[in-house]
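Dear colleague,

Please find below the structure that I am handing over to you. My notes on what was found in it follow directly after.

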Amino acid sequence: MATPTLEKNGTAEAGFADTPYITATFRIRRFNPEVSDEAQWQDFQISIDPKERVLDALHKIKWELDGTLTFRRSCAHGICGSDAMRINGKNRLACKTLIKDINPEKPILIEAIKGLTVLKDLVVDMDPFFQAYRDVMPFLITKGNEPTRERLQSPEDRERFDDTTKCILCAACTSSCPVFWNDGQYFGPAAIVNAHRFIFDSRDEGGEQRLEILNDRDGVWRCRTTFNCTDACPRGIEVTKAIQEVKRALITRRF
Amino acid sequence: MSAETSSSSAISDVEGVSLYDVDHPAPVIEPPRKRTGKTPKGSRTNFEMYAWLFMRLSGIVLVVLVIGHLLIQLVLDGGVSKIGFAFVAGRWASPFWQVWDLAMLWLAMLHGANGLRTVINDYAERDNTRFWLKMLLYTATVFTVLLGTLVIFTFDPNIR
Ligand code: HEM
Ligand code: SF4
Ligand code: FES
C-alpha cells in the first residue's frame with residue numbers, strides 16, 4: 001500500500017496515459033445479519049494500479065469508501081492463511097492475487113469461500129474446518145522414551161512429505177470441494193493434507209491411527225478426484241495427489 | 001450471477017425499517033451436516049475402501065462388456081434391425097453369451113447402485129431421507145438383479 005493515491009474516485013481522466021492507474025469494478029457479495037437476512041452484490045469502482053493485489057483493493061475500499069466492509073487478513077503476504085476468498089469464482093488468497101491477472105476490464109467478483117457459514121461479508125465460521133483438522137491428530141505421535149537429542153531423519157525421508165508441510169490452513173482447498181459443499185462431515189482436502197504430512201513422516205508412529213480415521217465413511221473414499229483443491233491451493237501443494245497417496249497407503253495396507 | 005447489483009450501500013434496506021438489528025440478527029445459513037466435536041467417529045470397517053475399489057475394477061471390466069455389447073447389438077451385422085426374439089434366443093443358446101450377459105447385469109447393476117448410493121450420500125441431507133432413498137435403491141437393485149438372473153438361466157427358446 002505504499003503507492004500514493006492520485007485521484008479520490010474512479011475517474012482516471014483520458015490524457016493521463018502515463019499513469020499506471022486504471023478504474024476497476026469490484027463486485028463484492030455483502031452480508032450483514034444485523035441489517036438483512038439476504039446477501040447482495042455491491043459494486044465499488046476504484047482507481048488502482050493493476051500491479052497491486054486484490055487485498056490492496058479491499059483495503060482501499062474499506063479505508064476510503066465503506067468502512068463496514070468486513071474481511072480477514074493478517075500477514076498480507078501469503079503466510080497466515082486468513083484471506084482465502086472466492087475471486088471470480090475461484091478460491092484464491094486476496095494477498096497473492098494480482099489485479100492484472102484476473103481481467104480488470106470486467107467487474108471482479110469477490111465472495112466468501114463456500115461450504116462454511118457466512119458470518120459477515122467475507123468472514124466465515126471456520127470451526128467445522130478446524131474440527132476436521134483436529135480430528136486427524138495433526139501432531140507428532142511417538143512411542144517409548146523421548147530421545148535425548150533431536151529425532152534425525154534422512155533428506156529422502158524428509159522429502160517424502162515435503163509438499164504437504166507447506167499448508168497454511170487457509171481452507172481454499174476444502175471450500176472448493178463439491179463433496180464438502182454438500183456434506184460438511186467429509187474431512188475435506190486440508191485435513192487429509194495435514195494427515196498426509198504425518199502419515200508419511202518417518203519419525204511419526206501414529207500413521208496407522210490416522211489411516212484408520214481416514215478409512216472412514218467421511219474420509220478419503222469420498223474424494224471424487226475433482227482436482228478443485230489442487231487448483232485452489234495458494235501454496236501450490238498437489239492436494240489431490242496427496243489424497244490419492246493416502247488412498248494407496250490404505251489399499252496397500254490391506255493387500 | 002443473477003443477484004441484483006447496486007452502486008449505493010447495498011445492504012441498507014430500502015424502506016428504512018428493518019426486521020433485524022444488532023440485538024436481533026438475521027439467521028445465518030448453516031452448511032449441510034457440518035462437522036463438530038460431537039461428530040461420531042468412524043465405523044472401523046473397510047466397506048468404503050472395497051466399494052471404491054469395486055467401482056474401478058468393475059469399471060474396467062464394464063468397458064469391455066458394455067462396448068462389446070453395444071457393438072454386437074447396435075452396430076455390427078445390420079445394427080438394431082436384426083434384433084428380435086430369434087436373435088436373442090440364438091445368442092443365449094451359448095453359455096459364453098449367457099456368462100457375458102450375466103456378468104454385465106451384475107456388474108452394471110452393482111456399479112450403478114453403488115454410484116447412486118454415493119449420490120444419495122452426497123445430496124440427501126436428512127438421515128431419514130437418506131435411509132429411505134437407499135432402501136428404495138437397494139430394493140430396486142435386488143429385484144432387477146434377481147429377475148435378470150432368473151431370465152438368463154430359465155430362458156426357454158420354445159415358449160412360442
Ligand atoms: C463403461 C465403463 C464404466 C466405467 C469405466 C465406469 C467407471 C466409474 C468410476 C471409476 C466411478 C467412480 C467415480 C468416483 O468415485 O470418482 C463411476 C461412478 C459411477 N458409475 Fe460408472 N463406469 C462405467 C459404466 C457405468 C454404467 C454402465 C453405469 C450405470 C449402470 C454407471 C453408473 C455410475 C454411477 C451412477 C456412478 C456414480 C457417479 C458419481 O460418483 O457421481 N457406470 N463409474
Ligand atoms: S492445502 Fe493449500 S489450499 Fe488447502 S488449506 Fe493448505 S494451503 Fe490452503
Ligand atoms: S493475509 Fe495472510 S495469507 Fe493472505
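**Findings in chain A**

In this predicted model, A:R27 stands opposite A:D43, a residue of strand β2(A). The pairing behind this involves strand β1 of chain A, residues 22-30, which runs antiparallel to β2(A) over nine bridges. Strand β2 of chain A spans residues 40-48 and is mostly covered, with seven of its nine residues buried.

Helix α5 (residues 188-199) and helix α8 (residues 239-254), both of chain A, pack at an angle of about 60°, and their axes lie 9 Å apart. At that angle α5(A) is therefore oblique to α8(A). The crossing of α5(A) past α8(A) is left-handed. On the α5(A) side the contact is made by A:P189, A:I192, A:V193, A:H196 and A:I199, which meet A:V239, A:A242, A:I243, A:E245 and A:V246 of α8(A). By class, the residues of this contact comprise eight nonpolar, one polar and one charged.

Finally, I draw your attention to A:A84, which is located in strand β3 of chain A, residues 84-87. A:A84 has a relative accessible area of 7% and therefore counts as buried, the cut-off being under 20%. Apart from neighbours within four places in sequence, A:A84 is in contact with A:R92, A:L93, A:I113, A:C170 and A:A172. A:L211 is 127 residues from A:A84 along the chain, and the C-alpha atoms of the two are separated by 28 Å.

With kind regards

Notes: Residues are numbered from 1 along each chain as its sequence is written. Chains are lettered from A and ligands numbered from 1 in the order in which they are written. This is a predicted model: local features need pLDDT of at least 70, side-chain atom pairs count only at pLDDT 80 or more; totals for chains, interfaces and linings use all residues. Side-chain values use heavy atoms; hydrogens and water are left out. Buried means under 20% relative accessible area, exposed over 50%, partly exposed in between (1.4 Å probe, protein chains only). Helices (H or I, at least four residues) and strands (E, at least two) are DSSP runs, numbered from the N terminus. Two strands pair if DSSP finds at least two bridges between them. Axes are lines fitted to C-alpha atoms, for helices over the stretch in contact, and angles run from 0 to 180 degrees between N-to-C directions. Angles under 35 degrees count as roughly parallel, over 145 as roughly antiparallel, 65 to 115 as roughly perpendicular and the rest as oblique. A crossing is left-handed if the near helix is turned anticlockwise from the far one by less than a right angle, and right-handed if clockwise. Contact means heavy atoms within 4.5 Å. Ala, Val, Leu, Ile, Met, Phe, Trp, Tyr, Cys and Pro count as nonpolar, Asp, Glu, Lys and Arg as charged, and the others, Gly among them, as polar.
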